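Q: I have a structure open here and would like to talk it through with you. Could we start with how the chain packs against itself, and then go to the side chains?

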Amino acid sequence: MGPQVLAGLLLCLCAGPWAEGGKVLVVPMEGSHWLSMREAVRELHARGHHTVVLSPEVNMHVKPEDFFTTETYATPNTQDEFDYVMMGQVHVLFERVNFLKMFWNAMVGLKNASLIFQRSCEALLSHKDLIRRLNASSFDVVLTDPVYPCGAVLAKYLTLPAVFFLRGIPCDFDVEGTACPNPFSYVPRLLTRNSDHMTFLQRVKNMLYPLALKYICHASYTPYERMASELLQREVSLVEVFSSASVWLFRGDFVMDYPRPVMPNKVFIGGINCANRKPLSQVCIGAFIPSMFQVQPI
């Protein structure tokens, strides 16, 4: 009767209160980041979890839906300011310019966007009534995109397990936060256009490139250290905040990205961005298929 008794016990456990869905606090990053996270939130709802999405009143894509509860807060940013920063610089990504100009334009756009999100985070963390209400809501976990560190700071303050849902973090905070090896001679850096088979000069470029990011990283992310220190009432670094994450869910895969060292709590979930895939139109097929069979000159 041993197996039957064990099966009955497992059935009782599954039917009991232990099988009830959890409460998930979601702190998304605005823009296309949310479009990917929304599918994960939809799946959490389908599996019986109650999700609350925390969003500023001024936003682009985070709109009320029937599979989550929305909690909003006011920010000093206007909708016009937000739309300009989020959409006004998109053309920069498609300009055919030299590397230095592309790098400069990308840094300017990143700095402007950072100011918008810093103001939003300050408005959230200084909203004492909202923070008190979240603390009393007995959430089980925080799901957040650490590119916007506010969710990670909030999870640490609420002493809740944090699950990071991301494509990557500038300035190698994901590497430092997980204490993961990150050799410059092996892993190509963002925007360098290096491959994983680098010449000596490309390796030098790959090593010098992060030095140019130090200023923009300081301007973009240091304010979150100040906010975290004020909220936690002690000196705290962003690396410490990020290192408290329980699981890192990376929207990538080695099929698309370069192989690199990873830690046990890093999980690759590449392909989740294609959850709502649609067939190519005849126009796209007509433009794409012939180019696949063009003979390239040697």
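Q: What share of the contacts with a separation of 6 or more comes from residues 24 or more positions apart?
A: This is a predicted model, and in it residues 24 or more positions apart account for 62% of the contacts that have a separation of 6 or more.

Q: And how many helices and strands are there?
A: The protein has 10 helices and seven strands, and buried residues make up 39% of its 298 residues.

Q: Which residues touch the most other members of the largest nonpolar core?
A: That core has 55 residues, and those touching the most other members are Leu25, Leu54, Leu125, Tyr148 and Leu154. Helix α8, which covers residues 200-232, gives the most to this core, with nine residues.

Q: What does Leu25 touch?
A: Leaving aside residues up to four places away in sequence, Leu25 touches Val52, Leu54, Leu134, Phe139, Val141, Val142, Leu143, Leu154 and Leu158.

Q: Switching to rings, how many aromatic pairs are there, and how are Phe67 and Phe68 arranged?
A: The structure holds 11 aromatic pairs. Phe67 and Phe68 form an edge-to-face pair, with 5.2 Å centre to centre and 80° between the planes.

Q: Are those two buried or exposed?
A: Phe67 is buried, with a relative accessible area of 4%, and Phe68 is buried as well, at 8%.

Q: Which residues make up the aromatic cluster?
A: One cluster is formed by Phe117, Tyr148, Phe164, Phe173, Tyr221, Tyr224, Phe242, Trp248, Phe250 and Phe268.

Q: What lies over the face of Phe139?
A: Lys23 does, at 5.1 Å from the ring centre.

Q: Now charges: how many salt bridges are there?
A: The count comes to nine salt bridges. In one of them, Arg133 pairs with Glu71, the closest N and O atoms being 2.8 Å apart. Arg133 lies in helix α5 (residues 128-135) and Glu71 in strand β3 (residues 69-73), so the pair ties together parts that are 62 residues apart in sequence.

Q: Where do Glu122 and Arg226 sit?
A: The side chains of Glu122 and Arg226 meet in a salt bridge, at 2.6 Å from N to O. This pair links distant parts of the chain, with Glu122 in helix α4 (residues 99-125) and Arg226 in helix α8, 104 residues apart.

Q: Which residues are joined into a network by salt bridges that share partners?
A: Arg38, Glu39, Arg42 and Glu65 are joined into one network. Within helix α2 (residues 32-46), Arg42 and Glu39 lie three residues apart, about one turn of the helix, and their side chains meet at 3.4 Å, N to O.

Definitions and conventions. Residues are numbered from 1 along each chain as its sequence is written. This is a predicted model: local features need pLDDT of at least 70, side-chain atom pairs count only at pLDDT 80 or more; totals for chains, interfaces and linings use all residues. Side-chain values use heavy atoms; hydrogens and water are left out. Helices (H or I, at least four residues) and strands (E, at least two) are DSSP runs, numbered from the N terminus. Buried means under 20% relative accessible area, exposed over 50%, partly exposed in between (1.4 Å probe, protein chains only). Contact means heavy atoms within 4.5 Å. A nonpolar core is a set of buried Ala, Val, Leu, Ile, Met, Phe, Trp, Tyr and Cys residues joined through side-chain atoms within 4.5 Å. Rings of Phe, Tyr and Trp (its six-membered ring) pair if their centres lie within 6.5 Å; planes under 30 degrees apart count as stacked, over 60 as edge-to-face and the rest as tilted. A charge sits over a ring if NZ of Lys or CZ of Arg is within 6 Å of the ring centre and within 35 degrees of the ring normal. A salt bridge is a side-chain nitrogen of Lys or Arg within 4 Å of a carboxyl oxygen of Asp or Glu.
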